[in-house]
Amino acid sequence: MKIVVLMAEEAETTGRHELLDHHPDEYEAVLGPALAELGQPTYRARQISGWVHERFAAGFDEMTDLPADLRTLLAKRYSISPLEMAFQARSRDGTVKHLWRLRDGEQVESVLIPSRDRVTLCLSSQAGCALACRFCATGDFGFRRQLSAAEIVAQFRDAELVARHVFGRGIANVVYMGMGEPMANLDAVLASLSILHGGFGLGARRITVSTVGLVPGIRALAARPEPFRLAVSLHAPEHTLRETLVPVEKRYPLPDLFAALREYQEAKGRRITFEYIMIDRVNDSHELAHSLADLLQDLDGFVNLIPYNPIPGRDWRPSPPERIEGFVQVLESRGVEAAVRRPRGLDIAAACGQLRLEREGMEVEDTGDADEAP
Ligand code: SAH
């Protein structure tokens, strides 16, 4: 682990160019100067991209079909930085959480969630978050900094190897539902989407960007040629209630949000997922279920109902099953499709809204010791 950190710090000070920030189509331009210097053909760029995106090379020394002098020069000028795994924990339900330490000491989490036939990666788009949703532990924690495209992509690249090792299969789906608000880090998130899709070959339909409802980001996603999926964290169908749960409702109130969602749907023809956490007697009444159905009337939407997962300092409780059932019945009677989702990885604090790091005084445990058997 130490060696990785030193290499990463060196990259910072020596100003090496980070290849994970780039789409394969950019490799020729990015690597051009080094290739030209050694009189190497431009097809080497494609070869190197293959090593990064298909063969998951950790460094240039692994690229054995490149001439030795080229490998040496590449290692001086470029980096393919892995993240430092500070902590790994495996839940009884199979979920695997990673805590990654970034070059400057910031930390983010990602979660691998296996189901019967596939593995989903939930990744982070920011260190911390500025949006302060009332029910979210990351929001409590405040904003630290944006992640680079490379830091988002590296969460995938590093977790993919773990998934293959632990589950015997690679990642099938990626959701931007970890720490942070993807659409408040739009440039890096859009770049990372292109790289996951065009570099690592993940189908756009297998990648979901979840937003609390930032209208410019929704428009930007709608303008993309690839059909990436969109999830919206709604949590309340009425302005006054929503602004108490999701403060950004003040800036992008429901009518503006839904205008952007209709545009997205017209442009993409894709179903939109709505996340709705169920907090006992806060947002789970029959009346609100009807308001939600009204709101979704002219959209192709799907509602994921997620029992609130308690976080410290709130006296809320998750809605009991009968209230959730009542809510679902109203939605279904109104022709709105809904499903109830159980948070996964509860025992290792990997569940929705729990992705929060105890930075102060946190002892980073040895990766191997922390990896409990499921
Ligand atoms: N900022 C983005 C991505 C973060 S994921 C967004 O808001 O969509 C946010 C999701 O985590 C929410 O939709 C919600 O489904 C879930 N979540 C956050 N805190 C939760 C909590 N305390 N209990 C249950 N789900 C929670």
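**Notebook: ligand shell and a helix pair**

I note here that the model is a predicted one.

I next looked up which residues approach the ligand. The ligand has 22 residues around it, and those that come nearest are Phe135, Glu181, Ser210, Ser233 and Asn309.

I then asked which strands contribute to this shell. At least two residues each are supplied by strand E10 (207-211), strand E12 (272-278) and strand E13 (301-307).

I turned to individual atom pairs. For Phe135, I found a polar backbone atom 2.7 Å from a nitrogen atom of the ligand. For Ser210, a polar side-chain atom is 2.6 Å from an oxygen atom of the ligand. For Thr211, I recorded a distance of 3.5 Å between a backbone N or O atom and an oxygen atom of the ligand. On its own the ligand has 540 Å² of accessible area, and I noted that the protein covers 94% of that.

I finally examined two helices, H11 (residues 286-295) and H12 (residues 321-333). Their axes come within 9 Å and cross at roughly 35°.

I listed the residues in contact. From H11 these are His286, Leu288, Ala289, His290, Leu292 and Ala293, and they meet Gly326, Phe327, Val330 and Leu331 of H12. By class, I counted 7 nonpolar and 3 polar residues in the contact of H11 with H12, and no charged ones.

Notes:
Residues numbered from 1 in each chain as written. Predicted model: local features only at pLDDT ≥ 70, side-chain atom pairs only at ≥ 80, totals over all residues. Heavy atoms only, no water. Axes fitted to C-alpha atoms, helices over the stretch in contact; angles between N-to-C directions. Helix = DSSP H or I, 4+ residues; strand = E, 2+ residues; numbered from the N terminus. Contact = heavy atoms within 4.5 Å. Nonpolar A, V, L, I, M, F, W, Y, C, P; charged D, E, K, R; others polar. Near = heavy atom within 4 Å. Polar contact = N/O pair within 3.5 Å; in protein donor to acceptor, adjacent residues only side chain to side chain. Areas by Shrake-Rupley, 256 points an atom, 1.4 Å probe, with all protein chains shown as cover.
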